[in-house]
Amino acid sequence: MYIKRIKTILQFIIFLSLGVFLIWFSTKSFTANEIDKVKQLVFNAKPIIIVPCILILVLSHYIRAIRWKMLIQPLGKSPATSNVFLAVLTGFFFNLLFPRLGEVMKCTLLGKYEKIPVDKLIGTMVAERVLDLICLVLVIFLAISTQIDLVGGYAKELWDQIISRINASPSAILFFVLLLISIAGIGYLIYLKARHSSLLLRIKDWIKGIVEGLISVRKVENKLWFITCTLAIWFLYLSSIRVGFYAMQELVQLGWVPSLTILTFGSFAMIATQGGIGAYQFAVQKTLLLYGVKEVSGLAFGWLLWSVQTVMFFITGPISLLLLFTLNKKSTKSKLNN
């Protein structure tokens with residue numbers, strides 16, 4: 001028990017430290033005036049645009065709650081949509097505090113108030129994560145296919161650099177081949193020794209859970225509505241970024257394609273560090289450089305998007321936790337009185 005707590009705390013410190021490092025790294029070349037400019041751009045963002053962004057995100061989480069409820073119903077339970085929605089918001093809040101804590105908390109809370117076994121809820125949560133992974137792959141595909149010239153040009157430039165270095169040193173090819181053979185050999189030896197280890201068994205269980213999660217999707221009654229909700233969630237994520245461009249004068253000319261790219265790299269960044277801090281801002285900054293946006297403006301927009309999401313969860317999370325307790329306490333009392 002103590003070892004698990006220590007691992008959780010160390011994981012939190014490592015992810016947070018990485019985030020702090022990325023904050024420093026993204027501003028290390030900035031002057032004091034440029035850092036002040038970043039602050040001004042964030043604090044002078046148009047509130048009339050920020051409010052719709054928040055509403056779009058809240059709507060996306062409400063639809064996520066509806067989708068989760070559809071996954072739960074095949075278990076023979078039909079939880080109140082309000083409880084599912086409040087549990088989802090609470091989960092996002094706890095995820096900001098500790099990695100993956102939110103997933104456990106939302107299942108625990110909903111299981112408690114709706115009398116559903118937590119292990120079964122975790123199975124539906126795995127299905128959700130698999131669906132989100134599939135959607136992320138689709139987003140990546142769209143981001144590349146809609147910008148084939150931009151991405152292709154960058155890839156060609158990178159490939160030319162690699163080829164020129166190989167041509168400059170023929171022995172590099174031999175070294176590279178030997179390195180691959182060595183890595184494959186070492187990897188195989190490690191597998192033979194560790195195939196019965198707890199880590200490998202855990203990985204196998206994780207893969208098994210993913211398969212079971214995917215199978216559970218087949219039991220959903222209205223599959224068309226389920227798919228529509230899934231697509232709507234990601235479209236709303238995309239829309240929040242697209243609308244957010246209007247909050248800063250420097251970015252109003254950007255459209256859906258840059259929004260798609262930010263959604264792609266931003267999704268990875270949100271899991272790279274604790275709550276995405278540092279990584280998300282850095283990802284947005286570097287992404288917007290592709291579209292000719294200055295580093296100062298790009299970093300400011302990254303901070304703006306991250307702050308809107310984070311502040312929203314720090315407000316809605318505790319409120320949702322309180323409402324879950326209050327509403328279900330009243331419901332229990334009314335049942336007892338009847």
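Me: Is Arg-67 buried or exposed?
Reply: Buried means under 20% relative accessible area, exposed over 50%, partly exposed in between (1.4 Å probe, protein chains only). Arg-67 counts as buried because its relative accessibility is 0%. This is a predicted model: local features need pLDDT of at least 70, side-chain atom pairs count only at pLDDT 80 or more, and totals for chains, interfaces and linings use all residues. Residues are numbered from 1 along each chain as its sequence is written, and side-chain values use heavy atoms, leaving out hydrogens and water.

Me: Where is the place of Arg-67?
Reply: Helices are DSSP runs (H or I, at least four residues), numbered from the N terminus. Arg-67 sits in helix 3 (residues 47–72).

Me: Which residues does Arg-67 touch?
Reply: Contact means heavy atoms within 4.5 Å. Leaving out residues up to four places away in sequence, Arg-67 touches Glu-128, Leu-131, Asp-132, Phe-226, Cys-229, Thr-230 and Ile-233.

Me: Which residues are buried in helix 2?
Reply: An α-helix has 3.6 residues a turn, so residues three or four places apart point the same way. In helix 2 (residues 32–43), the buried residues are Val-38, Leu-41 and Val-42. They lie on the same side of helix 2 because they cover an arc of only 100° around the axis; the arc is that of the directions from the helix axis to the C-beta atoms. Ala-32, Asn-33 and Phe-43 are exposed on the other side of helix 2.

Me: What is the phi of Lys-115?
Reply: Lys-115 has a positive phi of about 55°, although it is not a glycine. Lys-115 lies in the loop between helix 5 (101–114) and helix 6 (118–145). At 63% relative accessibility, Lys-115 counts as exposed.

Note on methods. Helix = DSSP H or I, 4+ residues; strand = E, 2+ residues; numbered from the N terminus. Expected span 1.5 Å × (residues − 1).
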